[in-house]
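The sequence and structure come first, and the discussion follows.

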Amino acid sequence: MDKSIEIRANVSLQPYNTLGIKAHAAQFIEVNSETQFIELLDTNTPDYILGGGSNVLLRGDVEGLIVRNNLKGKEIVHETDDMVQVRFGAGENWHECVLWAIENGYGGIENLSLIPGTIGAAPMQNIGAYGVELKDVFVELEAIHLQEKNKQIFDHTACAFGYRESVFKKELKGQFFITAVTLQLTKKNHKLNTSYGAIQTTLEKNGIQSPDIKSISGAVIQIRQSKLPDPADLGNAGSFFKNPVIPKSQFDLIKLAHPNIISYDLPDDFVKIPAGWLIEQCGWKGKRIGDAGTYKYQALVIVNHGEASGEEIWQLAQKIQQSVNDKFGIKLTPEVNVF
Ligand code: EPU
């Protein structure tokens, strides 16, 4: 076997998950190229693929083989006067690619600034923030099937994107290793999205009269830094739960008992409720049990104050689910992948 695919045993995963959980992998390998991955498949079957580790809760040690996707590269594969299609290696850091796009004058992902994680993880959960989702700029992705060992192309439809969802979190969970993602970005006439009140207020505060992709990115970075903890300072995986979507009829009943409830109307008589609000109403904001807690400025973010185990984080998450269910009759679903 090529020395470059040497598998390491009993590796600490603490540097590889942003919650900073001290779990170990029985076997671990960092993969830097497609060839290396295909070679690995000749003799091994990965049990879990890790990107930036920013959307995962490791409940304990992992028995099998963890593969960390470290495939790099940025390549313009198609270009017109108006747009570029860029193929990014799946192991590239998402935010660095956003900054690269902005430096080159490419628009479309500035609202997704500062989202932790990798390019390859972005389509898996259809990352989204401040009115923009990955699916809005997505062209296609390339992925290697772990059993069939061949490369397949997934277009927009094949990915079946939903709110923080894709086919890779559902039917095809654990079956593919994403190697590259192609995004379509604008070169001019950028579709600026300042629909979020917080973006408008921040731009005004910054004295920006005519926003561009750079000032919007700057505003998003400021907003995120003010309410989301930096994993380098305080372990976390962003929003721990999804914002629940319930039928309007159920919402109307809840509103009778809780007139201050915050909600966003969706098509077909559905309503989305911010999970952070529900959790705060249950008294969990800024609370901690041992080293597991919720963030003081955003109750939807579960944090590790230092020594929390994955199981302790999971216990807290379940307590939160239970309180929200008891008080509002709403079941919160984790947004992070619980492993
Ligand atoms: N709120 C509270 N208490 C809290 C937290 C929030 O009352 O502790 C209220 C806020 O005041 C606001 C509403 O809930 O009225 C929504 O809060 P926020 O704007 O912070 O957004 P969110 O719905 O909690 C979602 C995404 C974030 C994304 C932001 C901005 C999900 C699960 N989360 O959060 O994504 O950055 O909108 O678009 O959809 C992530 O997925 O990891 C993530 C951080």
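## Salt bridges

In this predicted model, the structure holds 18 salt bridges. One of them joins the side chains of Lys-151 and Glu-34, with an N to O distance of 3.1 Å. Side chains of opposite charge can pair when their charged atoms come close.

A salt bridge is also formed by the side chains of Arg-164 and Glu-335, where the N to O distance is 3.6 Å.

## Domains and the contact of domain 2 with domain 3

The protein is divided into domain 1 (3-69), domain 2 (74-227) and domain 3 (235-338). Between the C-alpha centres of domain 2 and domain 3 the distance is 25 Å, and the contact takes seven residues from domain 2 and eight residues from domain 3.

About 750 Å² is buried between domain 2 and domain 3, and 41% of this area lies on carbon and sulfur atoms. On the domain 2 side, Tyr-163, Lys-169 and Lys-227 lose the most area to domain 3, together accounting for 64% of what that side buries. The number of salt bridges between domain 2 and domain 3 is two.

## Packing of helices α5 and α6

Helix α5 (residues 197-205) and helix α6 (residues 213-227) have axes that come within 9 Å and cross at roughly 110 degrees, which means that α5 is roughly perpendicular to α6. From α5 the contact draws on Ala-198, Ile-199, Thr-202 and Leu-203, while α6 contributes Ser-215, Ile-216, Ala-219, Val-220, Gln-222 and Ile-223. By residue class, the contact of α5 with α6 comprises seven nonpolar residues, three polar residues and no charged residues.

Technical notes
Residues numbered from 1 in each chain as written. Predicted model: local features only at pLDDT ≥ 70, side-chain atom pairs only at ≥ 80, totals over all residues. Heavy atoms only, no water. Axes fitted to C-alpha atoms, helices over the stretch in contact; angles between N-to-C directions. Helix = DSSP H or I, 4+ residues; strand = E, 2+ residues; numbered from the N terminus. Parallel < 35°, antiparallel > 145°, perpendicular 65-115°, else oblique. Contact = heavy atoms within 4.5 Å. Nonpolar A, V, L, I, M, F, W, Y, C, P; charged D, E, K, R; others polar. Domains from an automatic or database assignment. Buried area = accessible area lost by both parts, 1.4 Å probe. Salt bridge = Lys/Arg side-chain N within 4 Å of Asp/Glu carboxyl O.
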